[in-house]
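Have the picture open while you read.

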Amino acid sequence: MEQQTRYVLGKREEDGRYPVTVESAPAGTVHRRHGSWYATIPGRRTTDRFATRYEAAEFLATMADMGIRPTVPAPGETHTPGTANPGSATGHAATSTYRHLLPDLRPTVPNLVRAAEAMARLAQLGWVPLEGYPGADQPWLMACRLCGWKGRRFWSHLRGRNGDGIPRPANRHPHCIPTKEIPSTLIALAAERTRECPCEFPHPMEIREALSILSLIRCSISNGDTAAVTMHARAILEPCPASTRRANVLRIAERRRAAALRATRP
């Protein structure tokens, strides 16, 4: 624990955040994302970014001096896990759970497509995401379908190094099932996946369908219509037994969309 003049900066927690206290009272947390540091005051919105954790913590101390402190308990508010059961099938009735899977990144078409690809791969590896895709190098809350464990893993570790597709570590997490049983268990789970979408709400399974939904999302983003973005993102993000095929067509569609945009530029 690092003692500073006006605040105490605690040790890094599992979710990557550092708790900050001022005069022994919680003032919020600080965390690093994509090279910058951010301060979070539970129950209040903050958007400032800082060069170091200490500058972010000092900001929280200043806010506390002004009487601006958390209005809801921490850390429970930092996640909004869905209702999916890690031991259940990957899902036909997902309409009430997809919202928590919106990426914790700037809403762009590439970020949404990357989120869909990552979640499709998680399904193959026996994981259930419990919050939105945070980026490759940020801790991601998920549940293990092999044993029910919940915790944080880095997508950069699960997707493998240099594109080899081999997740690390081989033993997944402490107290999971024996490593030698993992392949057969994943093979059994693979029986749930399908090539066709059986869901009540249809997901894009053809490139033309993927191009259409990506166009709708891009227009909604351009118009600043966050409600429409959320609605259209449902087709990309909610669980589907055919998520692997969906991710593939979304990637092809995104490449075509990006190529078409480049071709129109002077």
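## A histidine and its neighbours

Leaving aside residues up to four places away in sequence, H232 touches I213, L216, I217 and S220, where contact means heavy atoms within 4.5 Å. You'll find H232 in helix 6. Is H232 buried or exposed? It counts as buried, because its relative accessibility is 15%; the cut-offs are under 20% relative accessible area for buried, over 50% for exposed and partly exposed in between, using a 1.4 Å probe and protein chains only.

## Before we go on

Keep in mind that this is a predicted model: local features need pLDDT of at least 70, side-chain atom pairs count only at pLDDT 80 or more, and totals for chains, interfaces and linings use all residues. Residues are numbered from 1 along each chain as its sequence is written, and side-chain values use heavy atoms, with hydrogens and water left out.

## Two helices side by side

Two packed helices are described by the angle between their axes and the distance between the axes. For helix 2 (residues 109–125) and helix 6 (residues 226–237), the angle is about 35° and the axes are 9 Å apart. Axes here are lines fitted to C-alpha atoms, for helices over the stretch in contact, and angles run from 0 to 180 degrees between N-to-C directions. The crossing of this pair is right-handed, meaning that the near helix is turned clockwise from the far one by less than a right angle.

Which residues of helix 2 and helix 6 meet? From helix 2 come L112, A115, A116 and M119, and from helix 6 come A233, I236 and L237. That contact has 7 nonpolar residues, no polar and no charged. In this count, Ala, Val, Leu, Ile, Met, Phe, Trp, Tyr, Cys and Pro are nonpolar, Asp, Glu, Lys and Arg are charged, and the others, Gly among them, are polar.

## Helix 7

Helix 7 (residues 243–264) has 22 residues, so at 1.5 Å a residue it should span 32 Å, and its end C-alpha atoms agree at 31 Å apart. The expected span is 1.5 Å times one less than the number of residues. Among its buried residues are V249, L250 and A253, along with R245, R246 and E254. The buried residues of helix 7 pack against helix 2, helix 5 (207–222) and helix 6.

## Two hairpins in a row

Strand 3 (residues 18–22) and strand 4 (residues 25–33) run antiparallel, joined by 5 bridges; strands pair if DSSP finds at least two bridges between them. They make a hairpin with 2 residues between them, and E23 in the turn has a positive phi of about 55°.

Strand 4 also pairs with strand 5 (residues 36–40), again antiparallel over 5 bridges. V30 of strand 4 stands opposite Y18, and its bridge partner in strand 5 is A39. In this second hairpin, H34 takes a positive phi near 50°.

Another sheet is open, with 3 antiparallel strands in the order 7-8-9. Strand 7 (127–129) and strand 9 (150–154) stand at the edges with a single partner strand each, so one side of each has no neighbour in the sheet. The twist averages 50° from one strand to the next.

Strand 8 (residues 139–144) is joined to strand 9 by 5 bridges, with P139 opposite F154 and W140 partnered with R153. Helix 2 lies across strand 7 and strand 8, at about 145° to strand 7.

Terms used:
Helices (H or I, at least four residues) and strands (E, at least two) are DSSP runs, numbered from the N terminus.
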